[in-house]
Amino acid sequence: MSQNDCHKNNDGILWSRFREGNVQAFDAIMKTYYQLLYNYGSRFTRDSELLKDNIQELFLALWKNRQTIKDTASVKHYLLKSLRRKLARAISKTKLTTHFNELNFEAGFNMVLPVENNIILQEKLTEISFKIRGVLEKLSRRQQEIIYLRFYMDADIDEISEIMDLSRQSVYNLLYEAFKRFKSLADFNYFSISLDLIFLLLLNLF
């Protein structure tokens with residue numbers, strides 16, 4: 001059994017105990033996922049107080065409704081989807097819009113990564129990573145979110161579909177369009193790796 005499978009099994013046990021009213025299990029879930037939820041939510045809003053309030057309200061609602069909440073295959077992706085919906089409602093009130101797709105998702109792909117001093121290979125890898133991130137930053141917000149969920153949150157195509165309320169085909173289409181735009185923006189003389197390989201990695205969700 002892989003480490004990821006073990007983690008999901010442990011999450012499943014905690015989730016079951018939480019639904020039965022076990023305070024320690026609920027506390028463990030909060031401690032495990034609070035930072036991850038904050039990191040994801042911060043891509044939608046820079047209002048830290050709004051974000052913290054919504055995460056707190058999410059956990060309060062979970063505890064209040066624990067007896068009626070259904071089982072889930074992934075606690076992490078259940079929480080991500082729940083927070084996304086809560087933020088959609090909260091931000092729409094401040095932005096005067098009712099459609100979440102109008103809101104911005106800032107993946108932060110162009111963020112500079114730390115580099116170890118005097119290690120040429122690490123510097124080169126960081127430079128390549130930075131350039132790739134710069135290209136990804138030019139993708140649409142929804143394309144960025146899908147890539148973020150896949151590679152930062154380890155969500156597969158079904159989980160991305162559920163989190164973003166999209167069909168599987170829509171997720172596939174967005175990934176395909178992201179790849180086409182990546183190819184049009186990327187410097188072929190700079191990237192020695194196969195862009196077709198990148199596309200296969202993007203679509204390695206099934």
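Biologist: How does H2 pass H3, in a left-handed or a right-handed crossing?
Modeller: H2 passes H3 in a right-handed crossing. A crossing is right-handed if the near helix is turned clockwise from the far one by less than a right angle, and left-handed if anticlockwise.

Biologist: What kind of model is this, and how are its residues numbered?
Modeller: This is a predicted model, in which local features need pLDDT of at least 70, side-chain atom pairs count only at pLDDT 80 or more, and totals for chains, interfaces and linings use all residues. Residues are numbered from 1 along each chain as its sequence is written, and side-chain values use heavy atoms, with hydrogens and water left out.

Biologist: At what angle do H2 and H3 pack?
Modeller: Helix H2 (residues 23–41) and helix H3 (residues 48–64) pack at about 150°, and their axes are 11 Å apart. Axes are lines fitted to C-alpha atoms, for helices over the stretch in contact, with angles from 0 to 180 degrees between N-to-C directions. H2 is therefore roughly antiparallel to H3; the classes are roughly parallel under 35 degrees, roughly antiparallel over 145, roughly perpendicular from 65 to 115, and oblique for the rest.

Biologist: Which residues of H2 and H3 make the contact?
Modeller: On H2 they are Val23, Phe26, Ile29, Met30, Tyr34, Leu37, Tyr38 and Gly41, and on H3 they are Ser48, Leu51, Lys52, Ile55, Leu58, Phe59, Leu62 and Trp63. Contact means heavy atoms within 4.5 Å. By class, the contact of H2 with H3 has 13 nonpolar, two polar and one charged. Here Ala, Val, Leu, Ile, Met, Phe, Trp, Tyr, Cys and Pro count as nonpolar, Asp, Glu, Lys and Arg as charged, and the others, Gly among them, as polar.

Biologist: How many aromatic pairs does the whole structure have?
Modeller: A search finds eight aromatic pairs. One of them is edge-to-face: phenylalanine 26 and phenylalanine 59, 6.2 Å centre to centre with 75° between the planes. Rings of Phe, Tyr and Trp (its six-membered ring) pair if their centres lie within 6.5 Å; planes under 30 degrees apart are stacked, over 60 edge-to-face, and the rest tilted.

Biologist: Which parts does that pair tie together?
Modeller: Phenylalanine 26 lies in helix H2 and phenylalanine 59 in helix H3, so the pair ties together parts 33 residues apart in sequence. Both phenylalanine 26 and phenylalanine 59 are buried (under 20% relative accessible area; exposed is over 50%, partly exposed in between, with a 1.4 Å probe and protein chains only). Trp15, Phe18, Phe26, Phe59, Trp63 and Tyr78 form one aromatic cluster.

Biologist: Changing topic, how many helices and strands are there?
Modeller: The protein has nine helices and zero strands; these are DSSP runs, numbered from the N terminus, with helices (H or I) of at least four residues and strands (E) of at least two. Of its 206 residues, 38% count as buried.

Biologist: And how do H6 and H8 cross?
Modeller: The axes of helix H6 (residues 141–151) and helix H8 (residues 168–185) come within 9 Å and cross at roughly 105°, which means that H6 is roughly perpendicular to H8.

Biologist: What is the phi of aspartate 154?
Modeller: Aspartate 154 has a positive phi of about 60°, although it is not a glycine. Most residues other than glycine have a negative phi. Aspartate 154 lies in the loop between H6 and helix H7 (157–163) and is partly exposed at 40% relative accessible area.
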